[in-house]
Amino acid sequence: MGKGDSYTILGIDPGTNLMGYGLLSVKGNSAKLLAMGVLDLRKMDDHYTKLNKIFLRVLSLIDEFDPQVLSIESPFFGKNVQSMLKLGRAQGVAMSAALYREVPVHEYTPLKIKMAISGNGRASKEQIAALLQRYLCIPQEQMLPYLDATDALAAAYCHFLQIGNPVVAPEYKSWKDFMTKHPGRVSG
């Protein structure tokens, strides 16, 4: 996928209570909203049934929109181990659905997504939603009350930005090379 190509990106904000999804249509250097929404799993008690619903919903989104890539938010460090385990399972199931349909997966941390969209890793979910609304010219009536949908859209938009402006990690020949290039980041 290059700058002149047309393709679709599926963004997922994994969760076992609310899973957000957002789809972008990309043509050249511009992106537009195709769809966004949430899969509400809060009324389900059985964790395994929730995972099955996530798998099936991601498959149905892939079948309906034919995305060429899945961009998913990676879990962040949390204090509650059980919550992190459930979130990791939800992410794994969404990734498995994409891989089952041979859709490549790209994973981005919440910090990376916020930095790509706002330039501020501490931006609030509301700030990111407002920026996406402006960048993608989304009418207010299309904005959803659940920020999980805009979080998913943010994951997709982050991938769009990475395709156009990829960030290449610097190459280091050794630990000594790193220390030479970044003396202020190493304490002795």
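Reader: What makes Asn 80 a cap of helix H2?

Author: This is a predicted model, and in it a side-chain oxygen of Asn 80 lies 3.0 Å from the backbone nitrogen of Gln 82. The cut-off for a polar contact is 3.5 Å, so the pair qualifies, and Asn 80 caps the N-terminal end of H2.

Reader: How do you know that the span of H2 agrees with what a helix should have?

Author: Helix H2 covers residues 81-100, which is 20 residues. At 1.5 Å a residue the helix should span 28 Å, and its end C-alpha atoms are 28 Å apart, so expectation and model agree.

Reader: What puts the buried residues of H2 on the same side?

Author: Here are the buried ones: Leu 87, Ala 90, Gln 91, Val 93, Ala 94, Ala 97 and Ala 98. They cover an arc of only 155 degrees around the axis, and therefore they sit on the same side of H2.

Reader: Why is E1 called largely enclosed?

Author: Buried means under 20% relative accessible area. Seven of the eight residues of E1 are buried, so the rest of the structure largely encloses this strand. E1 also has partners in the sheet: with E2 it pairs in the antiparallel sense over eight bridges, while four bridges join E1 to E4, running parallel. If you want landmarks, Asp 13 stands opposite Gly 20 in E2, and Ile 12 stands opposite Ile 72 in E4. E1 and E2 form a hairpin, with four residues between them.

Reader: Thr 16 lies in the loop between E1 and E2. Why is Thr 16 counted as buried?

Author: Its relative accessibility is 12%. The limit for buried is under 20%, so Thr 16 makes it. Neighbours within four places in sequence aside, Thr 16 is in contact with Leu 41, His 47, Lys 50, Lys 86 and Ala 90.

Reader: What joins E5 to E4?

Author: Strand E4 (residues 69-73) and E5 pair in the parallel sense over four bridges. Ser 71 stands opposite His 106 in E5.

Reader: How do you know that the buried residues of H3 line one face?

Author: In helix H3 (residues 110-118), Pro 110, Ile 113 and Ile 117 are buried. Down the axis of H3 the buried residues fall within an arc of 65 degrees, so they line one face of the helix. They pack against E4, E5, helix H4 (125-135) and helix H5 (147-164). Just after H3, Gly 119 takes a positive phi of about 80 degrees.

Reader: Why pick out the phi of Glu 102?

Author: Most residues other than glycine have a negative phi. Glu 102 has a phi near 60 degrees, a positive value in a residue other than glycine. Glu 102 lies in the loop between H2 and E5.

Reader: Is Glu 102 buried or exposed, and what makes you say that?

Author: Exposed means over 50% relative accessible area. Glu 102 has 71%, so it's exposed.

Reader: What about Cys 137, buried or exposed?

Author: At 66% relative accessibility, Cys 137 counts as exposed. Cys 137 lies in the loop between H4 and H5, and its phi is near 55 degrees, a positive value in a residue other than glycine.

Definitions and conventions:
Residues are numbered from 1 along each chain as its sequence is written. This is a predicted model: local features need pLDDT of at least 70, side-chain atom pairs count only at pLDDT 80 or more; totals for chains, interfaces and linings use all residues. Side-chain values use heavy atoms; hydrogens and water are left out. Two strands pair if DSSP finds at least two bridges between them. Helices (H or I, at least four residues) and strands (E, at least two) are DSSP runs, numbered from the N terminus. The expected span of a helix is 1.5 Å times one less than its number of residues. Buried means under 20% relative accessible area, exposed over 50%, partly exposed in between (1.4 Å probe, protein chains only). The arc is that of the directions from the helix axis to the C-beta atoms. A polar contact is a pair of N or O atoms within 3.5 Å; within protein, one must be able to donate a hydrogen and the other to accept it, and residues adjacent in sequence count only if both atoms are side-chain atoms. Contact means heavy atoms within 4.5 Å.
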